[in-house]
Amino acid sequence: MVIEDFIRERIPHRPPFLWVDRVTEVDEDRILAEKHVPDNLELFQGHYPEQPILPGVLVCEALFQTGALLISEMLRKENNTSPAPAVRGIPVLTRIQGARFKRMVYPGDNLELEARVKERVSTVWFMKAAARVEGRTTVKVEFACTLTT
């Protein structure tokens with residue numbers, strides 16, 4: 001698997017725990033990304049093996065990583081460090097609020113990931129995110145991240 005440079009330069013996650021394959025769009029306070037859910041993930045052998053589904057917590061993790069990518073990109077722009085070197089500190093999840101699981105995600109699905117900054121207070125970002133498959137919402141969640149060094 002080749003990790004897109006944009007991702008590698010902004011967050012420390014790597015396979016097997018990288019849940020974003022590529023970034024398709026970034027603007028001032030919003031990011032769109034994608035994750036293909038492989039058919040052969042080992043976890044499908046034990047998570048409802050007769051009808052495997054991706055655990056909702058991993059869909060949330062994909063959204064949290066997408067949000068961290070946006071925060072890192074915002075910091076790079078603020079500090080005029082694009083594309084490298086990396087900004088000091090990494091975004092770390094500090095709060096999860098109101099996760100709503102609407103539909104299941106199956107092997108072979110392509111997750112469409114969207115995260116937005118609702119508010120920033122110093123080094124804390126309050127975010128809203130949604131995952132979709134074929135335009136249909138699977139998960140909605142609000143969360144907060146802060147920088148750690």
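Surface patches here are built from residues with over 30% relative accessible area and no salt bridge; like charges are joined within 9 Å, and nonpolar side chains (Val, Leu, Ile, Met, Phe, Trp, Tyr) within 5 Å. A salt bridge is a side-chain nitrogen of Lys or Arg within 4 Å of a carboxyl oxygen of Asp or Glu. Lys and Arg count as positive, Asp and Glu as negative, while His and the chain ends are not counted. Each charge is placed at NZ of Lys, CZ of Arg, CG of Asp or CD of Glu. Accessible areas come from the Shrake-Rupley method with a 1.4 Å probe, and for residues only the protein chains shown count as cover.

The model is predicted: local features need pLDDT of at least 70, side-chain atom pairs count only at pLDDT 80 or more, and totals for chains, interfaces and linings use all residues. Residues are numbered from 1 along each chain as its sequence is written, and side-chain values use heavy atoms, with hydrogens and water left out.

R100, K102, R103, K128, R136 and K140 form a positive patch. K128 sits in strand 5, residues 124-133. Helices (H or I, at least four residues) and strands (E, at least two) are DSSP runs, numbered from the N terminus. K128 has a relative accessible area of 47%, so this residue is partly exposed. The classes are buried (under 20% relative accessible area), exposed (over 50%) and partly exposed in between, with a 1.4 Å probe and protein chains only.

Now the backbone. Most residues other than glycine have a negative phi, and most peptide bonds are trans. P15 and P16 are joined by a cis peptide bond, with omega about 10°. P16 belongs to the loop between helix 1 (5-8) and strand 1 (22-26). Y48 is a non-glycine residue with a positive phi, near 55°. Its loop runs between strand 2 (30-36) and helix 2 (56-78). Y48 is exposed, at 53% relative accessible area. E134, also not a glycine, has a positive phi near 50°. E134 lies in the loop between strand 5 and strand 6 (136-148). Its relative accessible area is 72%, so E134 is exposed.

Next, the rings. Rings of Phe, Tyr and Trp (its six-membered ring) pair if their centres lie within 6.5 Å; planes under 30 degrees apart count as stacked, over 60 as edge-to-face and the rest as tilted. One aromatic pair turns up in a search of the whole structure. The ring centres of F64 and F143 are 4.9 Å apart and the planes stand at 65°, so the pair is edge-to-face. F64 is in helix 2 and F143 in strand 6, so the pair ties together parts 79 residues apart in sequence. Both F64 and F143 are buried.

Side chains of opposite charge can pair when their charged atoms come close. The whole structure holds 13 salt bridges. One of them joins E114 and R30 (2.8 Å, N to O). E114 lies in strand 4 (residues 110-121) and R30 in strand 2, so this pair links parts 84 residues apart in sequence. E114 and R30 are both buried.

R120 pairs with E78, with the closest N and O atoms 2.2 Å apart. Here strand 4 holds R120 and helix 2 holds E78, so the tie spans 42 residues in sequence. R120 is partly exposed at 33% relative accessibility, and E78 is partly exposed at 46%.

E114 also bridges to R132 (3.1 Å, N to O). R132 is in strand 5 and E114 in strand 4, so the pair ties together parts 18 residues apart in sequence. R132 is partly exposed at 23%, whereas E114 is buried at 11%. Salt bridges with shared partners join E25, D27, R30, E114, R116 and R132 into one network.
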